[in-house]
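Visitor: I have a structure open and would like to go through it. Can you walk me through the ligand site and the backbone?

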Amino acid sequence: MTNNRKVNEWVQEWAAWCQPDRLYWCKGAANEWQSLCNAMVQHGSFIRLNESKRPSSFLARSDPSDVARVESRTFICSADQEQCGPTNNWHAPDEMQQRLRKLYQGCMKGRTMYIIPFSMGPVRSPMACTGIEITDSPYVAVNMAIMTRVGEEVLQALGDRPFIPCVHSVGMPLSNPAEDTPWPCNAQEKYIVQFPDERMIWSYGSGYGGNALLGKKCFALRIASVMARDEGWMAEHMLIMGVTNPRGEKKYFAAAFPSACGKTNLAMLIPTLPGWKIETLGDDIAWMHFGADGRLYAMNPEFGFFGVAPGTSQRSNPNAVATIVKNTIFTNVALTPDGDVWWEGLSEEKPNRLTSWLNQPWTPEDKAPAAHPNGRFTAPLTQCPCLDPDWDSPQGVPISAILFGGRRPTVIPLVHQAFDWSHGVFTGSIISSERTAAADGTVGMVRRDPFAMLPFCGYHMADYFGHWLKIGKQSTADKLPKVFYVNWFRQRNGRWLWPGYGENSRVLKWVFERCDGEDNFVRTPIGLLPRADKLSLDGLNISRDDVEELLAVRPEQWLKEVVDIRRFYQIFGQRLPNELERQLTELEVRLQTSG
Ligand code: O2Y
Ligand code: MN
């Protein structure tokens, strides 16, 4: 209970409607987390991992039908359908509320309702916002306690101010506790619903990740993007990192890449370049506000990592491996005979005998993977060995560079810089990835994911482009972050041209030096590219030919790209800002008149 009358009334109203057997107010203490986890072990929802190998850590296996975010069941219910835009699913808010109210009635029978007061951002930071999630899932309660700042202090700091109400149910009421399953969910009906006008979130039927941990994509991106539009700040799908050069000079970068393009790896990168250092502030979400000095300051609203396990290894991301050594919840990965976890890519050699994420005996001969490709770890930020000293700063950190990127085997060079902010907004609006391997016959298809926000923007994407352009008018060019576009994934005949991982520090160095205004570039029709002698390649086994290809800008390929962008922009109709149309035409003219 709290002194905030609105909170109490809201909780009582929902308790009366959902009819849980009991209420539990989460206080956020370490012993509370342990006892909730113990109770889940007792119940069969968690397996405690071998204490001597992975202290205080647990494995959960989801229902096989509930393994990822479901975009088809994600809705933006704005009163005005036009506000939702062509890239989101819209539904009329009244009708959606009626439909969901019916589903929520009695949905928590036989269960506990957990009330989770949480802060996105450091409690009492001027950039932080408070949410309260009610849920009938203890899995959600213990994951939220890692991913956000939870507890009594949050309610005290809230006082009698408003909060973002977040309602979640797995949608499986119990008439008899013996009917429960380790991972309750509703196989028939799933809804992940944002109401941007009321600034509230209702989720039903799924217990997994972004569908259920409502502070993450639902609040910190979809609802926060609407708040940011209305209040003049930015809620972005971006990592935040500190970059220090050998002279000890430090800058902060933010970077947006579509889901599953290696943001966590970049955020925790160990540079191969001597004397350079990377420190992590966040791997997924950045909230950015202007400071009094006219610079953009970024803060990670989250408190933990919800990272993809498969592919995470000592080679790909040693800092992530060190982060998850204790106090970690693993979901949908494999279990080793000695009570530890394993997933594809963790080690080159596959263990002889495992229990798969489907709780089946598994051997290396099995065709299906032992871990689900979207298997996850939930681990505290504070356990990251390369955590930035300012990770918890209430004012955030000043951003010098924004990096956009995607997976493009051709056309897009390793790195280029936008001419200015508006051109940078154009580059963000055309982020794309190309399928290089797919079972569904879409290989070679370019998918646009503007600002990596396509599934996460809570309003009309064309208005969101307009918001970015407006942000650029709120400060001056010398104070705004410089904008870059990177592509680690360029190929020739199916062979990667760039080694990636720690070697990406070479590109970060060029970006750093660009921020200092160094004369290290050549001007091309698409932007500023590294002068070949100014990209540090010492000690890298790469041919001149490959470097040339990595930095090649081919007007004939780019003119085809222009056609594709023009087709993509058509979905926004008249609402597309004229400035982006102008940027596209100017690019076309520069390409036509080049060389
Ligand atoms: O499948 C899920 O629910 C997880 S989605 C996710 C989790 C952490 C960071 N990013 C993402 C994403 O989809 O971008
Ligand atoms: Mn993400």
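This is a predicted model: local features need pLDDT of at least 70, side-chain atom pairs count only at pLDDT 80 or more; totals for chains, interfaces and linings use all residues.

Visitor: How many residues surround ligand 1, and which are the closest?
Guide: There are 14 residues around ligand 1, and the closest are Arg69, Gly210, Lys217, Ser259 and Asn374.

Visitor: How do they divide into nonpolar, polar and charged?
Guide: The shell around ligand 1 has four nonpolar, five polar and five charged residues.

Visitor: Which helices each supply at least two residues of that shell?
Guide: Those are α7 (209–212) and α8 (215–231).

Visitor: What about side-chain contacts to oxygen atoms of ligand 1?
Guide: Arg69 has a polar side-chain atom 3.0 Å from an oxygen atom of ligand 1. For Asn374, the distance from a polar side-chain atom to an oxygen atom of the ligand is 2.8 Å.

Visitor: And which side chain lies 3.3 Å from a nitrogen atom of ligand 1?
Guide: Asp284, through a polar side-chain atom.

Visitor: Switching to the backbone. What is phi of Arg124?
Guide: Phi of Arg124 is near 75 degrees, a positive value in a residue other than glycine. Arg124 sits in the loop between β6 (112–120) and β7 (129–135).

Visitor: Why does Arg124 count as exposed?
Guide: Because its relative accessibility is 57%, and exposed means over 50%.

Visitor: Where is Ala260?
Guide: Ala260 is in the loop between β14 (250–256) and α9 (263–267). Its phi is near 65 degrees, also positive, and Ala260 counts as exposed at 64% relative accessibility.

Technical notes:
Residues are numbered from 1 along each chain as its sequence is written. Chains are lettered from A and ligands numbered from 1 in the order in which they are written. Side-chain values use heavy atoms; hydrogens and water are left out. Helices (H or I, at least four residues) and strands (E, at least two) are DSSP runs, numbered from the N terminus. Buried means under 20% relative accessible area, exposed over 50%, partly exposed in between (1.4 Å probe, protein chains only). A residue is near a molecule or strand if one of its heavy atoms lies within 4 Å of it. A polar contact is a pair of N or O atoms within 3.5 Å; within protein, one must be able to donate a hydrogen and the other to accept it, and residues adjacent in sequence count only if both atoms are side-chain atoms. Ala, Val, Leu, Ile, Met, Phe, Trp, Tyr, Cys and Pro count as nonpolar, Asp, Glu, Lys and Arg as charged, and the others, Gly among them, as polar.
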